[in-house]
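Let's take a walk through a protein chain together. Have a look at the sequence and the model below, and then we will begin with a single residue.

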Amino acid sequence: MTTTRRPSRAVGRLSLCLPLLLAATPTHSHACTTAVVSGRATPDGRPLLWKNRDTRSSQHNEVVLLDGERFGAIVVVNAGERRSVWMGVNEAGFCIENSLSRDLKVDEEVSGPNNGGFMRMALGRCATVDDFRRLLDETNQSGRTTLANYGVIDAHGGAVLFETGPNSYAAFDANDPDQAPDGIVVRANFATTARGLPARPTPDALAEVYSGERYCRAAALLAECKSDGVSVDELLRRLARDLSDQSGRPYPGAVNGPDGSLPDRIPTASTISRLTTVSAVVFHGVRPGEDPRLTTMWTMLGDPSFTIATPVFPVGPAPDDLADEHGGEIGEIALTLRDWNLTHRRDGVVGRRLPGIWSDLWREEDRLVEQTLEQKNRWAAALAPESDAPVADIIAWQEAAADWAMAAMVKELAEAKQAALAAPVAPASWRADERPADPAAAPRVAVYDHSEPYEGSENLARILTADARFDTRPVTPQQIRDGALDRFDVLVMPGGSGSKQSEKLEQSGRAAIKQFVEHGGGYVGICAGAYLASSQYEWSLGLVNARCWDRVHWARGTGKVRLAMAPAAEKLFDASGQLECYYGQGPMLAPDDEPDLPAYQVLASYATEVAKKGAPEGAMVGMHAIVRSEYGEGRVILFSPHPEKPGGPNGLIAHGVRWAAAGSPSVATRPAAPAPATGGE
């Protein structure tokens, strides 16, 4: 039996919902915010559909063309995954998106397509909102596992939101003056029917409802637009990029806010554009009678605050800049930009850098929107009844638009990288050189190892030999916690996993290393050991005033790179020019601004790069590859690449270990280190 329900009706205009102070709510992995806008609420009579997609499951998205049962569709998917669609438009002009609504869950066991699978099915089958309604009726009987608010528009003026559970649904028609007096239906992550709420709930009714603040914020912003009609650019700019505090007030300097400077730190727990936002879309439909293939999907891959909207149409393959199995390139650059502008605790955005990014990207986006709308109107006006849309022209335009957007993003990435490297570093003449390494000394070297012997340790043992005047012993996390570092001059933290090393060391082991270096010991970090010594992560040691650039693409692939040696390296390493070295996904270092740590000195930078697995090209070149610093009385040197590998240059490791050990006050006079006691892990 079909269990379609008629939604409750509400009286009055769209609530502004300000201010709305909400009780603390749990963190949810899905936090999408959406709106369906009837053509009667837009300046040009074309319906609009908007979604900010929030998820923790996949921050890498792409745009792809999919074949369906009846229609092909251009869609946004998790990169490299085609079974589920998260927003899309088919060649019939039918558009769909969703927001998760777990309160639609039922007690009985259900089966059938899930939220993303159901949207893929709908795009393949449905030409109209009525087709979608029939699909819902059919699957009420056959089964589905949907828990979602689906927003849909079509090429005939349809604009409806469906609150859809596994075996029932309720329709909210944006064209119905009783249900949507302003022609707008807004949803976040709740269903009014599941909670017994009216179709347009009041702020008081949402005070304890997860995502209620985002619903109210979106409703308020759309209400502000209603006098002139809701436009594409307002949805792209004012809705998708909203940054407001918990009470719903936009921050000064934000797109919707009063004049002023953005705060140094912008928490995003209550904003529409937030740390879990991975993409956003605004669908701009067509008027009845216009060719449905003129329906435009304005796509923002990545956090909307760090990306540029790009138009695509349901007429052919997605532009290359938006399509990649590891994530569309425009979106991957946006991820890099956002990652660099997150707070250290990753609980907000650093506000001071945003205006510069916005002034660059939004200027280009405004031109894209203006010229695309002109093209769309020109195509629509030129088409005689029953004639076909100029598909070749549309494909050429969306390719050119994507190239335009990509060029703006590449330029912004280069500027951000330049700014990251512009922070202070130590001069080439450095006081640590006043006590150079003694080539006759025999440093006592501890090589960290929390596992069975592996390649990293074997390579180091091959270099740091007794014949080369090194006394090298392995040391485990337990031995470090038990005080074994007191018998050494330098600790080498090799490759592997920095977070795993930190976990194995535990708090007491990490504290023992910091105390060892502070009192004059040396620290040599290679790849993972460099991550561990940085000031970047909560699990880091914080020995060096260094952040890790583009850490969202830390798994960027492996291969040979060339290192450009800095002037300071010639004296330390007896090396100059460019050296080839193996790279294994080590950190690309850049200066941090920790007030209690000194600036580091650059010894080498990356002259070439590895840019695989979706990592943006151009992000790696110029970033710091080898740096050295001081921590207390001790010395620290970090190698992002792997010069200890066969083929080297192995001499960098030997010189680096000897230099780091030279900070130990009695490296040349101490007796050989006894082997640490066995045991531990």
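Which residues does Thr307 touch, not counting residues up to four places away in sequence? Thr307 touches Arg241, Met300, Leu301, Gly302, Ile330, Ala334, Leu361, Glu365 and Met409, where contact means heavy atoms within 4.5 Å. You will find Thr307 in the loop between β13 (296–301) and β14 (310–312). Thr307 counts as buried because its relative accessibility is 0%; buried means under 20% relative accessible area, with a 1.4 Å probe and protein chains only.

A word on what you are viewing: this is a predicted model, in which local features need pLDDT of at least 70 and side-chain atom pairs count only at pLDDT 80 or more, while totals for chains, interfaces and linings use all residues. Residues are numbered from 1 along each chain as its sequence is written, and side-chain values use heavy atoms, leaving out hydrogens and water.

Now step back to the whole chain. It has 14 helices and 26 strands, which are DSSP runs (helices H or I, at least four residues; strands E, at least two) numbered from the N terminus. Of its 681 residues, 61% count as buried.

Finally, turn to a pair of helices. Helix α1 (residues 115–125) and helix α2 (residues 129–142) pack at an angle of about 130°, their axes 10 Å apart. Axes here are lines fitted to C-alpha atoms over the stretch in contact, and angles run from 0 to 180 degrees between N-to-C directions. Where they meet, α1 brings Phe118, Met121, Ala122 and Arg125, and α2 brings Phe132, Leu135, Leu136, Glu138 and Thr139.

Notes. Buried means under 20% relative accessible area, exposed over 50%, partly exposed in between (1.4 Å probe, protein chains only).
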